[in-house]
Amino acid sequence: MVSDDSVLVIGAGIFGLTAALELRKRGHQVTVADPGPVPHPMAASNDVSRMVRMDYGADSLYSTLAADAIEGWHRWNEAWGEDLYHEDGILLASSVPMTPGSFEHDSYTLLTGRGFPLEKLSPGDIGIRYPNWNSNYYISGYFNPRAGWAEAGKIIARLVQDAMNAGILVVTGFSASKLLQNGSKVTGVVSTDARELKADFVVVAAGVWTTELLPNLADRMWPVGQPIFYFKPIDVDSYRPPLFPPWGADIPRSGWYGFPVNPDGVVKLANHGPGRRVHVNAERTILSEDQDSCRAFLAHSLPSLASLPLHGSKMCLYCDTWDGDFWIASDPERIGLVVATGGSGHAFKFAPVLGGLVADALEGIQNAYSDRFSCLLYTSDAADDTPCVDLGGRRII
């Protein structure tokens, strides 16, 4: 569908910018509004790196979507003339044998069944191929060469430039406070300083700030803090691929994952675990128990990092949904409102295909992902019938 309808996108993160670019491509007049600066230093779409992989256990829907996204990452690299996605593969190491029903086994089985050349690791292989790892502890797993990592902050900056080049109006300094409505029709958004932006459609892609604008969703999605740590190894070369590719270590049991050394000689690792719920505007501090957990993990996993001083740390806020799925759908009760949020700590890897999903939702086009990502709990009746459960124990990076 080609349209000259106006669309206001609230949020210049990975959901908002990719949606804006796809909607503009389809002929809509698009404005993106964000508090700024962009990349926003507190947004989940920022930082030096984000994981890109299609390993999702037995979940064929996310795996398929991620495979399509990886093809898109290569197209973006070519279009930009710069590799901001690095296909260094991913090591999924396990301290227990891979058995049916486990994340590692089911990922391996699904992907090899689709013809991807994953390399299964036997006891001893990890110590030979990846010498920084404690091969007495990690005895199983696999390496998937069709994976890697993306330079998140640089990519957001590039997408902003692409948006402006495409004729999208990018408004910074705009902190959305409430929707404008005419009956059940959403007509725009008001800022905290009483400015108004109006449009035929409003896409709320505000990440952890979504429930500030849509408080009725606060029982179905919430900000969750997850710790990130940075270390500066002495032997930098041993922390580069192929000796040290992106990795997940006992990921369904520990939540720990990380990346190769960056151009500044820094190794980043983080935990995707239950985290802790925080207010979106609370001070983002790392607790002493977070550091203790990190040190304990390094001691039995990457001992050469365990004794190093901490180079830096931060808390990243996820917009976690109750079930870990994205919310990409038109509001069934308010005409002209589309919700595109709920990254739940694993959305960035899908960047090249996210915009199409949001644009389809706005235009009423059904696709293979519409039902999974629709706001099935959005209406009051559904909320009464279906309890919201915090699945914080999931491990999907």
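Colleague: What volume does the second largest pocket have?
Modeller: About 350 Å³. A pocket here is an open set of points on a 1 Å grid over the protein atoms alone, where a 1.4 Å probe fits, with protein on both sides within 12 Å along at least five of seven lines; lining residues have an atom within 4 Å of a point. The volume is the space filled by probe spheres set on the points, which are joined across faces, edges and corners.

Colleague: Before we go on, what kind of model is this?
Modeller: This is a predicted model, where local features need pLDDT of at least 70 and side-chain atom pairs count only at pLDDT 80 or more, while totals for chains, interfaces and linings use all residues. Residues are numbered from 1 along each chain as its sequence is written, and side-chain values use heavy atoms, with hydrogens and water left out.

Colleague: How do H1 and H10 pack?
Modeller: The axes of H1 (residues 14-25) and H10 (residues 351-363) come within 7 Å and cross at roughly 65 degrees. Axes are lines fitted to C-alpha atoms over the stretch in contact, and angles run from 0 to 180 degrees between N-to-C directions. H1 and H10 are therefore roughly perpendicular, a label for angles of 65 to 115 degrees.

Colleague: Which H1 residues meet H10?
Modeller: Ile14, Phe15, Thr18, Ala19, Glu22 and Leu23 do, with Leu354, Gly355 and Gly356 among their H10 partners. Contact means heavy atoms within 4.5 Å.

Colleague: What about H1 and H5, parallel or perpendicular?
Modeller: Roughly parallel, which means an angle under 35 degrees. Their angle is about 30 degrees, with the axes 10 Å apart. Ile14, Leu17, Thr18 and Leu21 are the H1 residues that meet H5.

Colleague: Switching topic, how many cavities of 30 Å³ or more are there?
Modeller: Three in the whole structure. In a cavity the 1.4 Å probe fits but cannot get out.

Colleague: How big is the largest cavity, and what lines it?
Modeller: The largest cavity has a volume of about 70 Å³. Its lining includes Trp149, Tyr230, Phe259 and Lys268.

Methods: Helix = DSSP H or I, 4+ residues; strand = E, 2+ residues; numbered from the N terminus. Parallel < 35°, antiparallel > 145°, perpendicular 65-115°, else oblique.
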